Amino acid sequence: MSGYKMVVLMKQVPDTSSKAGVNPDGTVDRARAKRMMNPFDKYALQKALEVKKAHGGEITVVSMGPPPALEIVVEALEYGADKGILLSDKRLAASDTLSTAYALHMVVKHVGKVDMVFTGLQTTDGDTAQTGPQIAERLDMPQVTYLEKLEVKDGVATMQRVVEGGHQTLEVPLPCLVTVANSAARLEPKRFADVFAVKELIRDKAAYDKKVTILDLDVVGANPDRAGLKGSPTVVGKTWKMGEIGGSCTMFEGGNAKDEVAELVGKLTADHGAILEEVLP
Amino acid sequence: MSQNIAYDVALVGASPSNLTLAHRLVDLAQGPIRIAILEKGKSVGAHLLSGAVSNPRVLNKVFPNWKEDETFPLEGICKESYVTFMGAEKVEDAPRFAVPPHFKKEGYAILSVSDLAAWMADRLTEKAAAKEGVVVDIYPTFPAKEIIYKGDAVVGVRVDSTGDNAKDILHAKVTVFGDKGFVSRDLCDKFALRKNPQVWGVGVKEIWETEESYEGKVWHTAGYPAQPGLYGGGFIYGCKHNKLIVGYVCALDNDNPNLEPPQLLQDLKKSPWVQKMLKGGKLMRYGAAVLPEGGYYSLPEKFAVAGAMMVGDALGTLDIKRFSGVDKAMESGWIAAEVIADALAKGDTSEAALAPYKAKVMDSFIGKELFEARYFKQTFHTYPEILNDAFPAFAAGVDAGRGLFGGALAFGLSGPFRALKLLGARGMMENPSDRGAVAYKEDRTYPNPAYKKPEGAKAEGYDRKTVFTTADIVYYAHTHYEEGVQHIDEFDKNVCYSCINRYEGAGKRPPCVGDCTAEVHEVMEINGKRTHKMAFENCVQCTTCEIVCPPKNLRVNAAPYGSGPDFSNM
Ligand SMILES: Cc1cc2nc3c(=O)[nH]c(=O)nc-3n(C[C@H](O)[C@H](O)[C@H](O)COP(=O)(O)OP(=O)(O)OC[C@H]3O[C@@H](n4cnc5c(N)ncnc54)[C@H](O)[C@@H]3O)c2cc1C
Ligand SMILES: Cc1cc2nc3c(=O)[nH]c(=O)nc-3n(C[C@H](O)[C@H](O)[C@H](O)COP(=O)(O)OP(=O)(O)OC[C@H]3O[C@@H](n4cnc5c(N)ncnc54)[C@H](O)[C@@H]3O)c2cc1C
Ligand code: SF4
Ligand code: SF4
């Protein structure tokens with residue numbers, strides 16, 4: 001096959017624009033919460049699509065999560081990915097990043113020889129940004145984080161990554177793993193024909209099964225003792241609530257800027273005076 | 001070469017009319033059928049906004065168990081309805097005997113049409129999945145851009161623009177437009193279907209969470225804040241969970257080039273009566289949409305051409321006299337489904353095969369009620385004194401404590417001729433004898449630079465936290481535009497220059513600026529020239545600006561990628 005063989009790691013996360021499923025204590029009830037594709041992972045998918053457009057190849061999207069996560073795998077096909085794999089297994093419950101990276105790297109190995117692995121920068125729920133780099137280590141691949149631009153030629157990738165105060169250009173031999181920055185190009189909207197094709201695919205079971213598979217730990221040859229709760233040394237000591245999603249909007253319309261600012265300061269002092277006293281000299 | 005994207009039926013707009021059509025068509029299907037639904041919103045309902053208090057007569061047919069179904073998004077059942085005359089200070093309910101029967105809304109459903117459509121789409125998907133051979137594919141974020149013809153027959157619509165027709169065009173044996181005219185106006189233009197133009201009103205709406213519950217109460221208001229000469233009225237609907245809908249609708253065939261619909265609604269809220277309801281409440285949502293008000297005489301000559309039909313507001317089934325749009329839109333979809341099922345069974349979707357649609361619509365309650373209401377809209381033009389003198393006199397009577405009756409009496413006493421006129425107007429609206437066809441003028445011919453706004457009564461003493469500038473209220477429409485989307489065409493900037501000159505010269509803003517519901521249009525000084533500019537990202541896609549632009553210099557297109565407002569719950 002010509003072109004590059006690519007894997008994009010994508011996670012389904014709770015929809016942050018929705019309050020549904022947020023428990024009063026701030027934890028998330030994943031069964032009730034609305035779900036979405038981790039927004040950071042869309043940049044990763046876009047990068048893979050760019051490579052495919054320029055050089056051809058095949059993109060396999062891999063996600064780990066409960067069965068509903070299949071939604072984002074199928075959605076990725078609508079954006080132009082070729083294949084999808086969902087790693088879903090009850091024994092994966094309560095995975096931390098160590099065990100998540102272990103399980104995911106086994107899936108990448110299961111896919112076979114790949115040229116590039118793309119991950120998002122971080123997720124909007126776990127937010128650790130650890131998974132990508134850990135997988136690279138386990139796959140023994142060079143890794144480039146915060147990738148913005150990428151060009152590949154003759155097995156070597158020229159990359160631009162964001163660093164504090166500027167950019168850095170690197171040359172990296174393939175295969176490699178990159179985590180894509182959210183300042184990279186946005187994911188291009190779905191095309192009508194691609195969405196149509198996926199709808200037809202879902203109705204054609206034989207063709208669908210060739211493109212989309214749900215795997216468990218045994219199939220990818222992962223050791224169950226290193227996955228899920230058993231394989232997760234991280235202990236969540238305590239969670240606490242920092243504030244509310246949303247809230248209300250108050251308009252200050254004193255008629256002129258001076259009155260409006262006075263009104264605003266008055267309200268802030270009344271509502272949060274104690275905090276102000278702490279932080280103000 | 002790849003194969004064409006093809007379905008039996010393409011529905012443009014996941015609208016109440018088209019979703020009813022799809023449900024009926026799936027119910028009627030005796031073999032395989034493929035239906036595609038295009039919707040420009042990011043999800044079904046995202047671009048749908050209505051009141052809505054609706055006669056559930058079609059709902060009952062499509063979903064016999066909707067009342068028992070816990071998943072049905074019911075906002076309430078109307079228990080008490082009022083027609084209320086507003087002064088700036090006081091209000092008075094019209095006595096029950098004087099309320100026309102069609103404004104007695106008791107027993108009607110209070111609905112969020114946006115949520116209703118989303119619910120109908122979910123049920124439709126389930127229904128289709130359970131029936132062998134039935135395919136219903138819903139495509140949110142994909143608007144129809146252009147109608148595709150083969151000769152004079154419609155063969156589908158262009159959806160995408162990759163440049164490869166096999167990827168871009170949705171082919172169908174029948175294409176049905178329930179799109180409020182977004183693309184179907186091109187169909188009407190191509191075949192000169194409307195001998196009389198459609199005329200429009202614009203409605204703005206807010207949802208509030210209030211301290212007290214008004215569940216089941218429905219008010220339709222006249223008088224304040226309409227300036228003399230303005231055909232407009234408010235609606236206030238009490239819903240479950242302390243939700244209160246407050247809205248205002250006004251006609252666009254008006255001399256005033258700067259109607260500022262969102263501010264009319266703010267004025268309505270300043271009334272002490274509304275203030276009492278909003279006290280301690282919180283604004284949740286804002287939005288706007290237009291209503292086709294022409295009724296009977298704006299209906300097109302043909303309701304279908306070869307391969308295509310129109311339903312709902314796109315066709316013009318709304319009945320402004322009864323304030324009934326949802327039920328009539330749904331009924332048109334119901335009827336269209338039966339005609340399509342027949343046509344597909346016979347393998348003939350020619351104009352002749354689809355022609356029975358018109359006769360059936362005109363024979364249904366849609367045609368009967370539109371016919372009965374055919375002079376309603378025109379009455380206000382034939383008798384300008386209703387809006388210029390009578391309503392202001394009533395409102396003054398209410399404020400002065402003489403009551404509605406006192407106001408009417410004072411108006412009548414000021415000249416018997418005027419009283420007679422009022423009776424004549426009432427006859428024309430309620431019990432018309434035939435006076436021949438009515439010819440409407442396009443709304444855009446009305447805005448007059450020389451218009452002088454009459455001084456109307458102003459409400460005082462309201463809570464400033466309950467009223468908003470238009471720039472602020474737009475926030476509550478939750479618009480989101482994909483980067484780079486510019487969905488409104490301005491055809492000729494020189495035309496704008498002279499238009500701006502004309503209106504600004506008379507101390508007005510051009511109509512696009514003065515009537516926009518979301519502060520999209522503005523006039524800016526650029527290189528020493530007063531220039532028309534647009535802030536697309538505010539737009540709620542109501543199309544008002546296009547309707548009122550005097551030289552027809554604008555076109556509001558369906559924006560791609562689901563860009564636009566989020567009207568869920570509206
Ligand atoms: C302190 C802590 C407590 C936790 N507690 C629990 C718990 O109680 N229950 C539980 O189920 N989990 C728990 N987790 C697991 C956490 O949700 C996983 O570690 C998560 O899958 C990866 O971490 P992240 O979300 O921070 O991803 P990041 O490392 O921020 O993600 C980087 C990138 O890696 C890829 N990626 C990450 N996760 C996946 C995935 N699942 N599938 C495909 N690609 C992926 C994506 O491309 C993503 O953009 C906990 C984690 C931590 C750190
Ligand atoms: C403020 C207001 C209050 C109202 N109150 C009431 C009331 O109390 N009772 C009542 O019965 N009626 C009321 N109406 C009227 C009622 O809302 C309409 O008559 C009814 O919604 C018409 O339904 P429709 O099926 O024609 O679809 P429409 O409401 O016209 O919906 C059109 C749909 O098509 C989509 N669309 C448009 N163009 C495209 C395109 N090119 N491609 C894909 N999709 C497209 C739109 O996004 C939308 O979803 C009110 C209307 C307004 C504006
Ligand atoms: S868009 Fe129309 S109304 Fe607005 S300035 Fe131009 S010509 Fe005038
Ligand atoms: S720009 Fe036009 S379509 Fe958009 S909100 Fe304003 S009036 Fe409506």
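**Exercise 1.** Work out how the shell around ligand 2 divides by residue class, and where in chain B the shell comes from.

*Solution.* Step 1: sort the residues by class. In this predicted model, the shell around ligand 2 holds 20 nonpolar, eleven polar and five charged residues.

Step 1: Ligand 2 is surrounded by 36 residues, and the closest are Ser17(B), Glu39(B), Ser50(B), Lys180(B) and Asp313(B).

Step 2: turn to the domains. Domain 1 (4-67 + 113-197 + 296-372) and domain 2 (75-112 + 199-292) of chain B each give at least three residues to the shell around ligand 2.

**Exercise 2.** Find polar contacts of ligand 2 with chain B, then say how much of the ligand's accessible area the protein covers.

*Solution.* Step 1: look for N or O pairs within 3.5 Å. On the backbone side, a polar atom of Val53(B) sits 2.9 Å from an oxygen atom of ligand 2, and one of Ala144(B) is 3.0 Å from a nitrogen atom of the ligand.

Step 1: check side chains too. An N or O atom in the side chain of Tyr237(B) lies 3.2 Å from an oxygen atom of ligand 2.

Step 2: on its own, ligand 2 has 1000 Å² of accessible area, and the protein covers 99% of that.

**Exercise 3.** Describe the interface between chain A and chain B.

*Solution.* Step 1: count the partners. Chain A brings 17 residues into contact with 28 residues of chain B.

Step 1: take the area. About 2000 Å² is buried between the two chains, with carbon and sulfur atoms giving 59%.

Step 2: Of the area that chain A buries against chain B, 34% comes from Phe192(A), Met251(A) and Glu253(A), more than from any other three residues.

Terms used. Residues are numbered from 1 along each chain as its sequence is written. Chains are lettered from A and ligands numbered from 1 in the order in which they are written. This is a predicted model: local features need pLDDT of at least 70, side-chain atom pairs count only at pLDDT 80 or more; totals for chains, interfaces and linings use all residues. Side-chain values use heavy atoms; hydrogens and water are left out. A residue is near a molecule or strand if one of its heavy atoms lies within 4 Å of it. A polar contact is a pair of N or O atoms within 3.5 Å; within protein, one must be able to donate a hydrogen and the other to accept it, and residues adjacent in sequence count only if both atoms are side-chain atoms. Accessible areas come from the Shrake-Rupley method with a 1.4 Å probe; for residues, only the protein chains shown count as cover. Ala, Val, Leu, Ile, Met, Phe, Trp, Tyr, Cys and Pro count as nonpolar, Asp, Glu, Lys and Arg as charged, and the others, Gly among them, as polar. Domain bounds come from an automatic or database domain assignment. Contact means heavy atoms within 4.5 Å. Buried area is the accessible area (1.4 Å probe) that two parts lose on being put together, summed over both.
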